[in-house]
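Hi everyone, thanks for coming. Let me put the structure on the screen, and then we can walk through it together.

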Amino acid sequence: MGPRPNLFPYPNGWYALAMSDELRRGQVLTRQFMGQEIVLFRTESGIPCAVEAYCAHLGAHLGIGGKVHGETIQCPFHGFRYDGTGACVATGYGSPVPPKAKLKTWHVREQNGFVFGYHHNQDEAPAWDVPAVNTDGWTRLIYKSFILRDHPQETTENSVDLGHFAFVHNYRDVCAVKEFESNGPYLSTAYAVKRGLRMLGFEVTELDFTFETEIYGLGYSMVNVTVPRFRINARLWVLPTTMDEERLTLTLAVRVKKWSPPLGMLSPLVAKFILDSLVHDAGQDFPIWENKRYTDPPALAKGDGPIGKYRQWAKQFYE
């Protein structure tokens, strides 16, 4: 393991496995998740499923040549078919199904334009869910994904790290407008900041904006951003998904509340600008995340923000 030997690599919770538009009906995807390969498929009726990658018969990889057959995935080697519960429902020869022919599966939820999978180190069922948000009147979801050498507790900790906003992202007059709040897997904070708006390399104006972060577990953060001057309301998602002990996939996504006509046609451009800004800001954190070590206990100082409270909250996701 790398610089985080005292941070367990696989915390429990919901994690984004794919975007909804990536997993079309009849499509099969392979993902690295929590130290193993899994296969996602969407049945012909539209249900997303997640199963272990290798056929229980003779070990063929279901993500390489496997095909959706109705509500099942069919192995490319001998035609064995498995449903979303992992049960083998047919062999390729019409013979009785072997009793041991069963795949491990993951609980899957499709919410807010994402396909989530639930990981629990003791294989317990989910005790909570990521809530749905209303998308009526919002732009379509746009996103970018990156692979980093990091851990989801570290990336999510940025949401409460008040001190880094000025030093890394050049925010000014940063102040908390909502006290740290947590309830089970839920955590929320909110800040007001000022930041210069740059165009063609020059700062043309200063913006006041607020952002409230709603976190559910270590794999899901939604940031509600308000820029009163331009009547902008945006939702930003920061979704780290553990691949293995060293790496994660970080997905950054954006929706913007559409302006009223005739300005509504500009809303997708605003969403693109905000996504580019989110990618830029996250990119400022990348070299720090990838090269820092997890310090426990940290030498916290006044002005850091509620990092200590955050770390106490995060302990619930580990066995």
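Let's start with Lys104, which counts as partly exposed because its relative accessibility is 32%. For that scale, buried means under 20% relative accessible area, exposed means over 50%, and partly exposed is in between, with a 1.4 Å probe and protein chains only. Lys104 has a salt-bridge partner, Asp123, and the closest N and O atoms are 3.8 Å apart. By salt bridge I mean a side-chain nitrogen of Lys or Arg within 4 Å of a carboxyl oxygen of Asp or Glu. Asp123 sits in the loop between strands E10 (114–119) and E11 (142–148), and Lys104 in the loop between E8 (88–90) and E9 (108–111), so this pair ties together parts 19 residues apart in sequence. Helices (H or I, at least four residues) and strands (E, at least two) are DSSP runs, numbered from the N terminus. Asp123 itself is exposed, at 58% relative accessible area.

Before going on, a word on what you are looking at: this is a predicted model, where local features need pLDDT of at least 70 and side-chain atom pairs count only at pLDDT 80 or more, while totals for chains, interfaces and linings use all residues. Residues are numbered from 1 along each chain as its sequence is written, and side-chain values use heavy atoms, with hydrogens and water left out.

Back to the charges. How many salt bridges does the count come to? The count is 12. One of them joins Arg311 and Glu157, at 2.8 Å from N to O. Arg311 belongs to helix H4 (residues 307–314) and Glu157 to helix H1 (residues 152–157), so here the parts tied together are 154 residues apart in sequence. Are these two buried or exposed? Arg311 is buried at 11% relative accessibility, and Glu157 is buried at 8%.

Another bridge links Lys272 with Asp276, again with 2.8 Å between the closest N and O atoms. The two are four residues apart in helix H3, which means about one helical turn separates them. Lys272 is partly exposed at 41%, and Asp276 is partly exposed at 30%. There is also a network: Lys178, Glu181 and Glu212 are joined by salt bridges that share partners.

Now the aromatic rings. The whole structure holds 22 aromatic pairs. Rings of Phe, Tyr and Trp (its six-membered ring) pair if their centres lie within 6.5 Å; planes under 30 degrees apart are stacked, over 60 edge-to-face, and the rest tilted. Tyr186 and Tyr216 have ring centres 5.0 Å apart and planes at 50 degrees, so that pair is tilted. Tyr186 is in strand E13 (residues 186–199) and Tyr216 in strand E14, so the pair ties together parts 30 residues apart in sequence. Both Tyr186 and Tyr216 are buried. Tyr216 also pairs with Tyr220: their centres are 6.3 Å apart and their planes at 65 degrees, so this one is edge-to-face. Elsewhere, Trp14, Tyr118, Trp128, Tyr310, Trp313 and Phe317 make up one aromatic cluster.

Finally, let's zoom out. The protein has four helices and 17 strands. Of its 319 residues, 49% count as buried. The C-alpha atoms fill a box of roughly 70 × 55 × 35 Å along the principal axes.
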